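Let's take a look at a protein together.

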Amino acid sequence: MCGGGLVAPHMQKDWTRRIMKTKTSHSQIARSLAATLAIAFIILSVVILLINGGFALYTNIKVNQESVSAQQRLVAVDASKAVSTFIQEKFNTLETAVDFADPIKASSKERGIFIDGLLSSHPSFQQFALLNKPGRSLADTSGIGGTLSEQFIAYREDAVAQTSSGSNFISPVYIDDATSEPLIAIAIPVRNVFGDIEGSLMAEVNLKFMWSLVDQLNVGETGYAYVVDNQGSLI
């Protein structure tokens, strides 16, 4: 029994236990929520760090790839310039020789002296053929044998067709059957003093200098360098 606003001792203890239990429950919920938030924050931080790290790694890889690619392009451009300059020098040699002579109108003996002089002008020249406008040989010489090679002769028709229109001719690269060295056939139109095309001067050029050129290329520590023609064939 209770009266006068007094609470029985056992009821007061029961309320106290309930209050304590409620406080404990709220405290546990608060701690659980705090732990959940802390874990979520840690996970989010790790995810952000991983994303940032992955993006930074990707960026570094792309930058390094672009740097290596740029260096390789410079190496390739320098090598291609060396090859182009070499071939252009051979065209210049032929054009200069024709400018100082009139080989089509010359005698048979003079034609022989003319092309023999060209053959000895540079070791990369291997064969020559002086052709009239229809493509018949007026004089020829070979530094590798008594007669012109079949590989060289095979480009005569194409050379005549190209030079007849006033353009220089350059063949695809072909490989010497005997030495396995890379070769090309080049030709220029031969004009008279009036500028009329009277024939063609054809030459075979040895490109083995490119072996040394490629051997000197530095492509990183483990890189490879190789030369291909405009059709993708390995030279």
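What follows is a short tour of some aromatic rings and one lysine.

This is a predicted model, where local features need pLDDT of at least 70, side-chain atom pairs count only at pLDDT 80 or more, and totals for chains, interfaces and linings use all residues. Residues are numbered from 1 along each chain as its sequence is written, and side-chain values use heavy atoms, with hydrogens and water left out.

**Rings**

| Pair | Centres apart | Plane angle | Type |
|---|---|---|---|
| Tyr-155 and Phe-169 | 6.5 Å | 40° | tilted |
| Tyr-155 and Tyr-174 | 5.4 Å | 25° | stacked |

Tyr-155, Phe-169 and Tyr-174 form one aromatic cluster. Are these residues buried or exposed? Tyr-155 is buried at 18% relative accessibility, Phe-169 at 8% and Tyr-174 at 7%; buried means under 20% relative accessible area, exposed over 50% and partly exposed in between, using a 1.4 Å probe and protein chains only.

**A lysine**

Now for Lys-90, which lies in helix α1 (a DSSP run of H or I, at least four residues, numbered from the N terminus). Lys-90 counts as buried because its relative accessibility is 3%. Its charged end sits over the ring of Phe-86, 4.0 Å from the centre (NZ of Lys or CZ of Arg must be within 6 Å of the ring centre and within 35 degrees of the ring normal).

Conventions
Helices (H or I, at least four residues) and strands (E, at least two) are DSSP runs, numbered from the N terminus. Rings of Phe, Tyr and Trp (its six-membered ring) pair if their centres lie within 6.5 Å; planes under 30 degrees apart count as stacked, over 60 as edge-to-face and the rest as tilted.
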